[in-house]
Amino acid sequence: MPVEERSERTWTTLPNTPCAAGRRHAFLLVLAGPQLGDIYPLAPDRELVIGRRDDCDLPIRDDGVSRRHAAIRVEGEGALLRDLGSANGTYVDGVRAEGEVRLADGGRVSLGGATVLKFAWADELEARWQMKLAEIALLDPLTGVFNRRHLDDRLAAELAAAQRHGRSMSVLLVDVDRFRAVNEAHGQAAGDEALKMVAFVLRGALRREDVLARAGGAAFAVIARETTLAGGRALGERIRRAVARSRCAWQPEGGGEPASIGVKVSVGVAEVAEGRTQREVMESAGRALQLAKQAGRNTVVALPMAPAEGRPDPAQAAMTRGGAAP
């Protein structure tokens, strides 16, 4: 079944302005950092604020970026950039910005040490080509969700933000149960179609602010912002039920017998605890997923994390299986 074309990234369409072939407009492309590949169209004749705050015109989820870091204003076929007293400075082509600095096409802006932006003028075809390159760098080619590289970058940024602001956050690992049996019964192409279906169903079960990525093989990961362990467990149960009631039609090449393929998933949930690292959070979610498999699959296990030392206690795990509470 086709994968729904929906993205969690900043851009979805080009600016809503008349844009005939060859007519150029300004945008910023994120070349490095947690939002690698994001594209920000820039409105002319208006100063836009870049920063970590959600109400900034161009929000950047990078721990090294200040709340109101810099401002940019398009002028002619260039732009004026100024630092807003940021803690880590703003650099244009490697030189720290002092006062207003003019950006030319292709100019590079470094913020906070990790994020690098490219200022560019492009017509519609050029902009769409840039977006296509971003897709190649960010998305899993089979399922259309984010790839493992972007998952690692986003998890590092989201974890830092959650711990800095004392916000809850949960990570879910979702793995297709007995996926090998699907490949053996119907072939690898049918297995690929089943994975596309699972990705499609997952996107429908998530909120707009959640991050979905393929973690590898038949496994997916979800970063759920401002979500407690109980909320992550509820989300995992919603995912489990949605996948269990979904099926995809499969027609083998060569006129074989058509099939209706359904799969089930196991889900492991971990809530971010104070002082925990990215690796520890993923390991905790992995242990919860393993417990879900051991409990008979088609199960959600939420495993609490201790805030300082020690490993999560499996005896404290909360579990749902087949829609029934334990």
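**Exercise 1.** Determine which residue forms a salt bridge with aspartate 175, and state whether aspartate 175 is buried or exposed.

*Solution.* Step 1: the partner is lysine 293, with the closest N and O atoms 2.9 Å apart; a salt bridge is a side-chain nitrogen of Lys or Arg within 4 Å of a carboxyl oxygen of Asp or Glu. Step 2: aspartate 175 belongs to strand S12 (residues 169-176) and lysine 293 to helix H6 (residues 278-294), so the contact ties together parts 118 residues apart in sequence. Helices (H or I, at least four residues) and strands (E, at least two) are DSSP runs, numbered from the N terminus. Step 3: aspartate 175 has 18% relative accessibility and counts as buried; buried means under 20% relative accessible area, exposed over 50%, partly exposed in between (1.4 Å probe, protein chains only).

This is a predicted model, in which local features need pLDDT of at least 70 and side-chain atom pairs count only at pLDDT 80 or more, while totals for chains, interfaces and linings use all residues. Residues are numbered from 1 along each chain as its sequence is written, and side-chain values use heavy atoms, leaving out hydrogens and water.

**Exercise 2.** Locate the salt bridge between glutamate 237 and arginine 241, and assign the accessibility of each partner.

*Solution.* Step 1: the closest N and O atoms are 2.8 Å apart. Step 2: both residues lie in helix H5 (residues 229-244), four residues apart, about one turn of the helix. Step 3: glutamate 237 is buried at 10% relative accessibility, whereas arginine 241 is partly exposed at 40%.
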